[in-house]
Amino acid sequence: MTLPARTTAIRIGPRAAVVVTMAAFLGVVAFFWPFLVAPGRFASHYAPPLIFGVLLVLVLCVVISEIAEGGISSKALAMLGVLSAVNAALRPLGAGTAGVETVFFVLVLAGRVFGPGFGFTLGCTSLFASALITGGVGPWMPYQMFGCAFVGMLAGFLPRATGRREVLLLAGYGSLSGYLFGFLLNLSFWPFSLDPGSSIAYLPGLPFTEQWQRYIAFDIATSLGWDTGRAVTNFVCVVLAGPAVLTVFRRAARKARFQAPVRFAARRGDGEAGPPSLTK
């Protein structure tokens with residue numbers, strides 16, 4: 001059985017790979033700051049998420065510029081714009097009601113077909129466009145962009161498969177990413193979302209194990225149902241529409257030939273050299 005060929009719409013060079021790795025590290029620090037920042041280090045517990053949010057925006061800009069410098073063609077840019085618009089239009093259909101999120105479906109499949117660099121960039125641009133359309137701009141937006149960027153990028157690194165096995169692989173990954181996305185996003189607002197007297201609230205100065213137990217209890221009590229809705233939505237969408245969408249994406253990738261080399265060759269005819277022709 002022939003496995004589907006890998007397509008790299010946006011190539012990640014060595015320098016861009018280093019920048020993405022550093023961004024991943026900063027992203028982990030930004031999400032897990034309640035367990036890493038010492039009490040009293042900032043003037044208030046509202047400051048760290050705002051500071052890390054600004055840093056994430058700067059890091060995402062640097063990463064996207066590095067990826068673009070490594071090689072993004074006009075065809076890849078056009079595909080990125082189209083899918084960003086599609087994702088921005090799909091997101092309000094779910095609007096997060098009961099955890100239903102339609103933004104991950106296209107993101108996972110596009111990252112799978114067009115590669116990790118494309119998935120990372122699409123996660124950023126589609127969430128940014130959606131936030132502008134729906135008025136969802138706020139301190140939470142950088143965390144959402146960063147989370148979706150890595151959902152799309154990791155989809156491009158999944159092992160090769162074909163047929164029903166590939167669809168089930170993507171569906172399982174979509175479900176897992178639904179839970180993981182909610183788990184990480186809760187960390188950005190957990191420290192100031194509850195009364196400090198609550199048994200599941202963030203309490204500066206507690207040992208890591210006690211703080212972690214409080215967060216797990218908070219996540220289960222407030223977010224598990226919504227995350228389950230997101231995971232189920234991802235699974236159902238991939239299983240039902242995944243095969244058709246994968247076929248369309250792969251056909252578009254074959255037609256576009258994103259990384260095809262361009263050569264200029266002299267045209268010969270009637271013994272005279274004509275103007276150079278563009279060949280691929």
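Predicted model: local features only at pLDDT ≥ 70, side-chain atom pairs only at ≥ 80, totals over all residues.
Residues are numbered from 1 along each chain as its sequence is written, and side-chain values use heavy atoms, with hydrogens and water left out.

**Exercise 1.** Determine how many helices and strands the protein has, and in what pattern they follow.

*Solution.* Begin with the DSSP runs, where helices (H or I) need at least four residues and strands (E) at least two, numbered from the N terminus. The count comes to 10 helices and two strands. Reading along the sequence then gives α-α-α-α-α-α-α-α-α-α-β-β.

**Exercise 2.** Classify valine 57 as buried, partly exposed or exposed.

*Solution.* Locate valine 57 first, in helix 3, which spans residues 47-71. Its relative accessibility is 33%, so valine 57 counts as partly exposed, the class between buried and exposed, the latter being over 50%. As a further step, the C-alpha atoms of valine 57 and tyrosine 143 are separated by 8.9 Å, although these residues lie 86 residues apart along the chain.

**Exercise 3.** Identify which residues leucine 109 touches, not counting residues up to four places away in sequence.

*Solution.* Apply the contact criterion, heavy atoms within 4.5 Å. Leucine 109 then touches Leu170, Val238, Gly242, Val245, Leu246 and Phe249.

Definitions and conventions
Buried < 20%, exposed > 50% of the residue type's maximum accessible area, 1.4 Å probe, protein only.
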